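Visitor: I have a chain to look through and would like a short tour. Can we start with the overall picture?

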Amino acid sequence: MSKIGINQNKLKLFANIVSIAIPIVVALLFGIKLPNVEPLTFLPPIYASINAITSLLLILALIAIKNSKIALHRTLMKTAIFCSVLFLLMYVAYHITSTPTKYAGNMVITYRIILISHIILSIIVIPLVLHSYLRAYLGDYQAHKKIVKYAFPVWLYVAVTGVIVYIMISPYYN
């Protein structure tokens, strides 16, 4: 048991299960199209904006912790996690109500490289964020710092490339 009375192994197991479950559930939901539902075509600019906000929150959180503003850092990080969850919910809602949009621009290779790296790293970032947050929550700041070395740049990349993908594909939405 940890000093706060929570079994660390159970929390780590929970983080691992969530890290595996989220990509699987999202992939399964991509195979579902809700019948007789109005497509939620208004969502992409909203969730792209949430990605932009997440990027800003991550940068501000880094600045806060570098200036020893721990409470501010904690608040910014919780808000960034909330934004990422909100993004994911909107993203899934859009995709289960709308037909896929094909990129029809002249930068297909660039678009695909950005999109594929974004998708792969969006899966990888889940356990990184959960485990880094868990370490901070449990007060293991050394382990938190070790994970954040990887989690921060990956998460920032995913958030920024989410905005780039939206900008590139937005002219082709129906």
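Guide: Of the protein's 174 residues, 35% count as buried, where buried means under 20% relative accessible area, exposed over 50% and partly exposed in between (1.4 Å probe, protein chains only). This is a predicted model, in which local features need pLDDT of at least 70 and side-chain atom pairs count only at pLDDT 80 or more, while totals for chains, interfaces and linings use all residues. Residues are numbered from 1 along each chain as its sequence is written, and side-chain values use heavy atoms, with hydrogens and water left out.

Visitor: How many helices and strands are there?

Guide: Five helices and zero strands, running α-α-α-α-α from the N terminus. Helices (H or I, at least four residues) and strands (E, at least two) are DSSP runs, numbered from the N terminus. The C-alpha trace spans about 55 × 35 × 25 Å along its principal axes.

Visitor: What share of the contacts is between residues 24 or more positions apart?

Guide: 81% of the contacts with a separation of 6 or more. Contact means heavy atoms within 4.5 Å.

Visitor: What about helix 1, which residues are buried there?

Guide: Ala15, Val18, Ser19 and Val26. These buried residues pack against helix 3 and helix 4.

Visitor: And what span should helix 1 have?

Guide: The 23 residues of helix 1 (residues 8-30) should span 33 Å at 1.5 Å a residue, and the end C-alpha atoms are 33 Å apart, which agrees. The expected span is 1.5 Å times one less than the number of residues.

Visitor: What caps the N-terminal end of helix 1?

Guide: Asn7 does, with a side-chain oxygen 2.9 Å from the backbone nitrogen of Asn9. A polar contact is a pair of N or O atoms within 3.5 Å; within protein, one must be able to donate a hydrogen and the other to accept it, and residues adjacent in sequence count only if both atoms are side-chain atoms.

Visitor: Switching to pockets. Which residues lie nearest the centre of the second largest pocket?

Guide: Ile65, His73, Met77, His144 and Val148, out of 25 lining residues. Helix 5 gives the most to this lining, with nine residues. The lining divides into 17 nonpolar, three polar and five charged residues. For the terms, a pocket is an open set of points on a 1 Å grid over the protein atoms alone, where a 1.4 Å probe fits, with protein on both sides within 12 Å along at least five of seven lines; lining residues have an atom within 4 Å of a point. Ala, Val, Leu, Ile, Met, Phe, Trp, Tyr, Cys and Pro count as nonpolar, Asp, Glu, Lys and Arg as charged, and the others, Gly among them, as polar.

Visitor: Is His73 buried or exposed?

Guide: Buried, with a relative accessible area of 15%. His73 sits in helix 3 and touches Ala61, Ala64, Ile65 and His144, not counting residues up to four places away in sequence.

Visitor: Now loops. Where does Tyr103 lie?

Guide: In the loop between helix 3 and helix 4. Tyr103 is buried at 16% relative accessible area. The Tyr103 side chain reaches the backbone nitrogen of Met107 at 3.4 Å. Tyr103 and Ile169 are 66 residues apart in sequence but 5.5 Å apart in space, C-alpha to C-alpha.

Visitor: What is phi of Asn36?

Guide: Near 55 degrees, a positive value in a residue other than glycine. Asn36 lies in the loop between helix 1 and helix 2 and counts as exposed, at 84% relative accessibility.
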